[in-house]
Amino acid sequence: MAKREMVLADWVRPGARVADVGTDHAYLPVWLVLHGRVSSAIASDLRKGPLQRARETCRRHGAESVDCRLCDGLSGIGPEEADTVIIAGMGGENIAAILAAAPWTKDGAHTLLLQPMSRDSALRRFLAENGYTILREALTCERGSYLPVMEVTAGQMELTAGELYGGAKLRRDPLGDRYLIQAILRFQSAVAGLNRSSSPADREKADGLRDILTQLMNMREEWRHANCTGN
């Protein structure tokens with residue numbers, strides 16, 4: 001499995017009833033079953049092709065107890081069937097849409113393990129505005145990209161603009177500095193581009209982005225102080 005999937009596996013509580021949404025090859029639920037980490041596992045996917053691959057993985061590894069289901073998001077999974085929902089390997093906006101269509105995920109009885117491949121800021125914003133709270137975050141690096149993994153449950157949280165883009169719980173993450181640098185460079189580039197425009201609207205937008213950039217730079221200083229880098 002990929003590093004991000006190993007983090008997800010490590011965060012699954014022993015004996016959990018797991019639903020892996022958008023499972024593709026079902027590597028994660030099969031691993032959890034074979035290692036005796038879960039009491040049950042559902043592997044769901046929207047498309048027939050990936051679900052067929054999931055069934056083949058289950059058969060190949062002798063994990064036929066994994067329940068493979070064809071459904072859109074959580075539409076074919078009942079809240080009583082899982083206490084841990086894993087949604088990984090897709091964009092943050094897609095993850096948010098799946099959660100929005102299944103409001104039972106914020107009933108306080110479910111743990112959500114989320115891993116956005118892009119638009120993680122959009123996912124954090126959705127969580128903060130819709131009755132979820134991030135309990136912890138961790139970063140993995142794959143092909144030069146720093147990808148967050150989040151453990152989420154029901155609750156209230158407020159995030160600054162900097163935290164939306166730089167992470168809510170990454171102050172002591174070993175990869176936090178690089179993740180923040182990546183975000184800082186994106187905002188510096190965006191601000192520079194807008195500053196070349198003669199449009200007042202673009203200049204105003206640049207001012208807003210500059211505020212976020214300042215927050216991200218302050219967060220990087222906090223990370224460096226918390227991790228005693230001495231740089």
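**Pockets, sheet and helices**

A: A pocket here is an open set of points on a 1 Å grid over the protein atoms alone, with protein on both sides within 12 Å along at least five of seven lines, and lining residues have an atom within 4 Å of a point. This is a predicted model, where local features need pLDDT of at least 70 and side-chain atom pairs count only at pLDDT 80 or more, while totals for chains, interfaces and linings use all residues. Residues are numbered from 1 along each chain as its sequence is written, and side-chain values use heavy atoms, with hydrogens and water left out.

Q: What volume does the largest pocket have?
A: About 540 Å³. A volume is the space filled by probe spheres set on the grid points, which are joined across faces, edges and corners.

Q: Which helices and strands supply at least two residues each of its lining?
A: They are α1 (3-11), β1, α2 (27-34), β2 (38-45), β4 and α4. The names come from DSSP runs numbered from the N terminus: helices are H or I with at least four residues, strands are E with at least two.

Q: How does that lining divide by class?
A: It has 11 nonpolar, seven polar and seven charged residues. Ala, Val, Leu, Ile, Met, Phe, Trp, Tyr, Cys and Pro count as nonpolar, Asp, Glu, Lys and Arg as charged, and the others, Gly among them, as polar.

Q: What about the second largest pocket, how much space is in there?
A: About 280 Å³. It is lined by 14 residues, and Arg-119, Asp-120, Ser-121, Tyr-165 and Arg-186 are the closest to its centre.

Q: Where does the largest share of that lining come from?
A: From α7, which gives five residues. By class, this lining has seven nonpolar, four polar and three charged residues.

Q: OK, new topic. What's the strand order in the sheet?
A: It's an open sheet of seven strands with mixed pairing, in the order β3-β2-β1-β4-β5-β7-β6. Two strands pair if DSSP finds at least two bridges between them. β3 (67-70) and β6 (132-142) are at the edges with a single partner strand each, so one side of each has no neighbour in the sheet. On average, neighbouring strands are turned by 20° against each other, direction ignored.

Q: How many bridges do β6 and β7 share?
A: They pair over 10 bridges, in the antiparallel sense. Tyr-132 stands opposite Ala-154 in β7, and Arg-136 stands opposite Glu-151. The hairpin of β6 and β7 has two residues between the strands, and Arg-143 there takes a positive phi near 55°.

Q: And β5 with β7?
A: β5 (residues 111-116) and β7 (residues 145-154) run antiparallel and are joined by three bridges. Leu-112 has Val-152 in β7 as its bridge partner.

Q: Which strands does helix α7 touch?
A: Helix α7 (residues 176-195) packs on the sheet and touches β6 and β7, with its direction at about 105° to that of β7. Angles run from 0 to 180 degrees between N-to-C directions, and axes are lines fitted to C-alpha atoms, for helices over the stretch in contact.

Q: Why is β6 called largely enclosed?
A: Eight of its 11 residues are buried, so the rest of the structure largely encloses β6. Buried means under 20% relative accessible area, exposed over 50%, and partly exposed in between, using a 1.4 Å probe and protein chains only. β7 is also largely enclosed, because eight of its 10 residues are buried.

Q: How many residues of α5 are buried?
A: Eight of its 10, so to speak mostly covered. Those buried residues pack against α4, β5, β6, β7, α6 (161-166) and α7. After α5 comes Gly-131, with a positive phi near 85°.

Q: Last one: is Leu-70 buried or partly exposed?
A: Leu-70 counts as partly exposed, at 44% relative accessibility. Its place is in strand β3. Apart from neighbours within four places in sequence, Leu-70 is in contact (heavy atoms within 4.5 Å) with Asp-45, Leu-46, Arg-47, Lys-48 and Leu-51.

Definitions and conventions. 1 Å grid on protein atoms, 1.4 Å probe; cavity = no way out; pocket = protein on both sides within 12 Å on 5 of 7 lines; lining within 4 Å.
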